[in-house]
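Please look over the sequence and the three-dimensional model shown here, and keep both at hand while reading the report that follows.

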Amino acid sequence: MKHIVYILSLAGMLFAGAVTAQAEKLVILHTNDTHSQIDPDDKDNRGGIARRKVIVDSVRAAEKNMLLVDAGDAVQGTLYFNLYGGVVEQKAMNALGYDIRILGNHEFDNGIDSLARVLDESDAEFLATNYNLDNTPLGGEFEKYSIREFDGKRIGFIAINLKPEGMISEGNYNGLEYLDAVEAANASAWWLKNIEHCDMVIALTHIGYDPAVPPGDMNLAEHTSNIDIIIGGHSHDLIDPAKDNMQWRVRNLDGKEVLVTQVGKQGKNVGEITIDLDNGNADYRVIPVTARYDDRLDPDMAGLIAPYRAGVDSLMQVPVGRTSRELGQLSPDLLNWATDIVLDRGRRLAPDVDLAILNKGGLRRGLPKGTFTQGQIITMMPFDNHIKIIDIKGADLLKAFDQMAAVGGNGVSDGIMIEYKASATGKPELLSATLNGKAINPDSTYRVATIDYLANGGDYMPSLANHTEVASSPDVLYDDVLAYLREQKNRKQNPSGKLRFVIK
């Protein structure tokens with residue numbers, strides 16, 4: 001098992017006349033799921049990597065011991081990634097001085113070969129504990145763990161990632177071998193504590209806080225020993241002790257508390273963990289990234305981004321449609337609208353399409369009231385997905401609905417009505433699933449329009465892969481949506497907000 005030991009500081013300074021000694025500390029700033037949000041979000045003016053740099057620079061200047069780490073999904077979600085493939089994100093993160101990074105699932109969106117080329121731009125150390133990458137283009141570029149030393153205390157870091165099957169598109173992670181997350185975490189943390197004599201072990205993870213398909217960070221904490229802190233990502237949860245909104249201290253197998261953190265998405269917050277190196281106690285707070293930092297922006301950062309911003313701005317200024325009201329990212333209105341467009345385009349590809357399904361996780365932003373632009377459509381559906389028409393048995397379709405229910409429902413087209421009943425076991429119980437008022441028959445075959453990611457079993461719906469392919473669009477999904485809007489000739493979009501997938 002390879003590792004790198006960094007000696008970052010050797011001893012505290014003694015100040016003449018000091019009455020009491022200051023406890024040595026380590027400050028860790030962390031981010032996750034920043035998703036190419038180079039600029040502040042155009043809806044709430046939160047985030048922006050230039051503002052984040054102000055926070056990082058100020059803490060780095062004030063603290064003797066400081067690390068900056070990221071828990072994955074630094075890319076995909078804005079035009080900076082669609083246009084430039086991840087290079088902008090690497091350069092910007094270099095400017096902030098990230099020390100340790102791990103992969104998220106979206107790092108693989110352009111394939112593992114492209115990922116290897118893009119990561120050549122990064123100055124950070126990359127970790128992958130439960131991914132064996134030896135037989136991939138990333139072989140030799142990742143460490144299984146890292147040890148960093150501060151004032152005589154050894155801090156070990158590991159990286160735990162999600163199972164790629166069912167989450168990362170097939171063909172985008174060829175050669176990657178997945179190792180069980182809990183087993184790998186337990187073994188590596190034990191090694192760091194008992195063989196490498198680390199005083200603390202910190203797990204950077206991209207598995208989610210408490211996902212429908214475990215393990216997540218809660219599960220990881222509860223089923224391991226020797227991990228002291230989990231810095232998480234993937235589920236976009238904002239765990240904020242000041243709001244006491246989620247459990248952030250979890251008991252492990254030995255009954256010891258594990259600090260569990262995560263700071264939402266899109267770089268709108270930075271997490272700050274302060275570790276007392278004398279006793280190992282850790283405090284945690286969330287720092288919002290807001291306009292309060294705009295008077296201290298680094299002009300060099302603006303200069304770094306400027307060459308890329310012109311291409312982004314050009315697409316963000318092209319109007320393509322209008323809405324009668326705001327369509328929020330998580331609203332049933334937007335999900336119904338997008339799914340009905342998939343149905344409409346699907347019926348252009350093949351006759352007799354019965355229904356469409358779409359995952360809500362594929363919609364990465366909402367649309368404003370009034371005029372919306374080409375750039376907003378692309379960033380709403382940024383992935384390289386294609387509409388696919390499949391014939392599938394009702395039984396396999398119903399299994400997919402079960403998984404949709406486990407994540408709170410997904411998009412189904414007009415004419416479909418699905419009702420589930422929540423249960424104490426956490427697995428919702430199907431009450432009814434109808435198409436145009438008739439119950440979906442497990443033995444019948446249905447023609448479904450969806451996206452290739454789902455048709456191939458993505459979002460943990462393997463039953464959808466049991467299909468016969470009928471047709472596939474040559475265009476990416478956002479181009480099909482733009483074609484639909486051109487046909488609408490600027491007709492105002494006013495979708496139904498009726499819930500079609502209900503969990504009672």
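This is a predicted model: local features need pLDDT of at least 70, side-chain atom pairs count only at pLDDT 80 or more; totals for chains, interfaces and linings use all residues.

## The second largest pocket

The lining of the second largest pocket is made up of nine nonpolar, 11 polar and 11 charged residues, where Ala, Val, Leu, Ile, Met, Phe, Trp, Tyr, Cys and Pro count as nonpolar, Asp, Glu, Lys and Arg as charged, and the others, Gly among them, as polar. Of the 31 residues that line this second largest pocket, Q37, D41, D42, K43 and R365 lie nearest its centre, and the volume of the pocket is about 580 Å³. Helices α2 (79–84), α7 (299–316) and α9 (374–380) each supply at least two residues of this lining, and α7 gives the most to it, with three residues.

Residues are numbered from 1 along each chain as its sequence is written, and side-chain values use heavy atoms, with hydrogens and water left out.

Some terms used above and below need their cut-offs. On a 1 Å grid over the protein atoms alone, a pocket is an open set of points with protein on both sides within 12 Å along at least five of seven lines, a cavity is a set of points where a 1.4 Å probe fits but cannot get out, and lining residues have an atom within 4 Å of a point. Grid points are joined across faces, edges and corners, and a volume is the space filled by probe spheres set on the points. Helices (H or I, at least four residues) and strands (E, at least two) are DSSP runs, numbered from the N terminus.

## The largest cavity

The structure holds three cavities of 30 Å³ or more, and the largest cavity has a volume of about 70 Å³. Its lining consists of V75, F81, G85, G86, Q90, E107, N110, S114, L115, V118 and L119, which by class are five nonpolar, five polar and one charged. Helix α4 (residues 112–119) gives the most to the lining of this largest cavity, with four residues.

## Helices packed around α3

Helix α1 (residues 49–62) packs with helix α3 (residues 87–96) at an angle of about 25°, and their axes are 9 Å apart; axes are lines fitted to C-alpha atoms, for helices over the stretch in contact, and angles run from 0 to 180 degrees between N-to-C directions. This angle makes α1 roughly parallel to α3, because angles under 35 degrees count as roughly parallel, over 145 as roughly antiparallel, 65 to 115 as roughly perpendicular and the rest as oblique. On the α1 side the contact (heavy atoms within 4.5 Å) is made by I49, R52, K53, V56 and R60, and on the α3 side by A92, M93, A95 and L96. Six residues of this contact between α1 and α3 are nonpolar, none are polar and three are charged.

How do the axes of α3 and α7 cross, and within what distance do they come? They cross at roughly 175° and come within 10 Å, which makes α3 roughly antiparallel to α7. Here V87, V88, K91, A92, A95 and L96 in α3 meet M301, L304, I305 and Y308 in α7, and the residues of this contact divide into nine nonpolar, no polar and one charged.

## A sheet of five strands

Five strands form an open sheet in the order β20-β17-β24-β19-β25, with mixed pairing, where two strands pair if DSSP finds at least two bridges between them. Its edge strands, β20 (411–412) and β25 (467–476), each pair on one side only. Strand β17 (residues 355–358) runs parallel to strand β24 (residues 445–451) and is joined to it by two bridges, and L355 has V448 in β24 as its bridge partner.

Helix α8 (residues 332–349) packs on this sheet, touching β17, β19 (386–393), β20, β24 and β25, and its direction makes about 130° with that of β17. Helix α12 (residues 477–488) also packs on the sheet, touching β19, β24 and β25, with a direction at about 70° to that of β25.

## A sheet of four strands

Another open sheet has four strands in the order β23-β22-β21-β27, and its pairing is mixed. The edge strands β23 (438–439) and β27 (501–503) each pair on one side only. Strand β22 (residues 429–435) and β23 run antiparallel and are joined by two bridges, with L435 opposite K438 in β23. Helix α10 (residues 394–406) lies across β21 (416–421), β22 and β27, running at about 60° to β21.
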